[in-house]
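Student: Could we go through this structure together? I would like to understand some of its contacts.
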Amino acid sequence: MIVGNGMLRTVGTNQPLIEAVGLAHSFGSLAVLEPTNLSIGSDEIVALLGPSGCGKTTLLRILSGLIQARSGLLHAATTDSGFVFQRPVLLPWRSAIDNVLLPVELHGHVLPADADRARELLALVGLAGFDDHRPAQLSGGMQQRVALARALIERPAVLFLDEPFSALDELTREEMNLELLRVFQSEPELKAAVLVTHSIEEATFLADRIVVLSGRPGRVLDIVPVDLPRPRVLDHKDSERFHACVAQLRRLLRSSAPPRSS
C-alpha cells in the first residue's frame, strides 16, 4: 500500500525497506525540507549529513514515522524500528536492565525471555555486569550504550540514530562507532540503519551511502557512496579512499554554503 502526506504503511517485501518520494516539511511558514527522494535498502547504513538546521533530524523522524510529512509519499517494507536519540533519555530511578526493558513493558508484560534478551543486549554493547547500575553510576558513553540496547530490545529491522554520539569525547565516540558497526553485524533482524551526524569523518567511517543536504530548507545535494570495505576498522581512516571521500563531502558542503559577508 502507498499513502500520501508522509504517512507510513507496510508495502511488499520486494520494495526497498524504506522509500521516500517527494517528502517535504515545514513548521508553520518556515520551510525546513524541500521535496526529497530517498530509498533505504537492506544491509546498509545511510548517513544524513549537512549543516545545522538543514532538516536532517526532521527527515529522520519522518522516515521513522515519528512525525508526518506535510507532503510526499513514504513507502515501507517494515514498521519495526528502533530510535536512538542524541541524549540517552534514561529513567534515573531504573536500573540499566529495567531501562532496556521499558519498551517491552509499554507493550505488555515482561517475560523471562525478555529479561534474558535484555541481558544479552547489555553484554553485546559492552555492559555485561552492569545490569543493576542506575544511570548516575554510568558514564555518558555507558548510558548511550544502554540507550542503544533499549532501541534493539524489540528486534527492529531498521535502526534510526539522531546524532547519538555527539555529546561524547572523541575517544569514546570512536569506541561507540565501532560498537554500532559490531551491533549492526551481530543482530540478524537488523537490516538497515539511518544515522544523522554533523561529523564528516563519522559519516564516512560508518555509512555505505551519505545523503548530503544543503542549508535550510534542506535539499539533497548528492548521495555519495563510500568505497570502503566491511568490516570497518579504525585503520581505514588512514586510507586514501577515506580521505578522498571526506574531501568530496567537504567540497559539496562548502559549495552550498552562503557567501560570507565582508
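Student: Is Arg230 buried or exposed, or something in between?

Tutor: Arg230 has a relative accessible area of 28%, so Arg230 is partly exposed; buried means under 20%, exposed over 50% and partly exposed in between, with a 1.4 Å probe and protein chains only. Please keep in mind that this is a predicted model, in which local features need pLDDT of at least 70 and side-chain atom pairs count only at pLDDT 80 or more, while totals for chains, interfaces and linings use all residues. Residues are numbered from 1 along each chain as its sequence is written, and side-chain values use heavy atoms, with hydrogens and water left out.

Student: Which residue forms a salt bridge with Arg230?

Tutor: That is Asp208, and the closest N and O atoms of the two are 2.9 Å apart; a salt bridge here is a side-chain nitrogen of Lys or Arg within 4 Å of a carboxyl oxygen of Asp or Glu. The pair links distant parts of the chain, 22 residues apart, with Asp208 in the loop between helix 7 (200–206) and strand 9 (209–213) and Arg230 in the loop between strand 10 (220–225) and helix 8 (240–256). Helices (H or I, at least four residues) and strands (E, at least two) are DSSP runs, numbered from the N terminus.

Student: How many salt bridges are there in the whole structure?

Tutor: A search of the whole structure finds 14. One of them joins Arg94 and Glu105, whose closest N and O atoms are 2.5 Å apart. Arg94 lies in the loop between strand 6 (81–84) and helix 2 (96–100) and Glu105 in helix 3 (residues 102–107), so this pair ties together parts 11 residues apart in sequence.

Student: And how accessible are Arg94 and Glu105?

Tutor: Arg94 counts as buried, at 14% relative accessibility, whereas Glu105, at 35%, counts as partly exposed.

Student: New topic: how do the axes of helix 5 and helix 6 cross?

Tutor: The axes of helix 5 (residues 140–152) and helix 6 (residues 170–186) come within 11 Å and cross at roughly 20°, where axes are lines fitted to C-alpha atoms over the stretch in contact and angles run from 0 to 180 degrees between N-to-C directions. The two helices are therefore roughly parallel to each other, a term for angles under 35 degrees.

Student: Which residues make the contact?

Tutor: Contact means heavy atoms within 4.5 Å, and among the residues involved are Gly141 and Leu148 of helix 5 and Met176 and Val183 of helix 6.

Definitions and conventions. Parallel < 35°, antiparallel > 145°, perpendicular 65-115°, else oblique.
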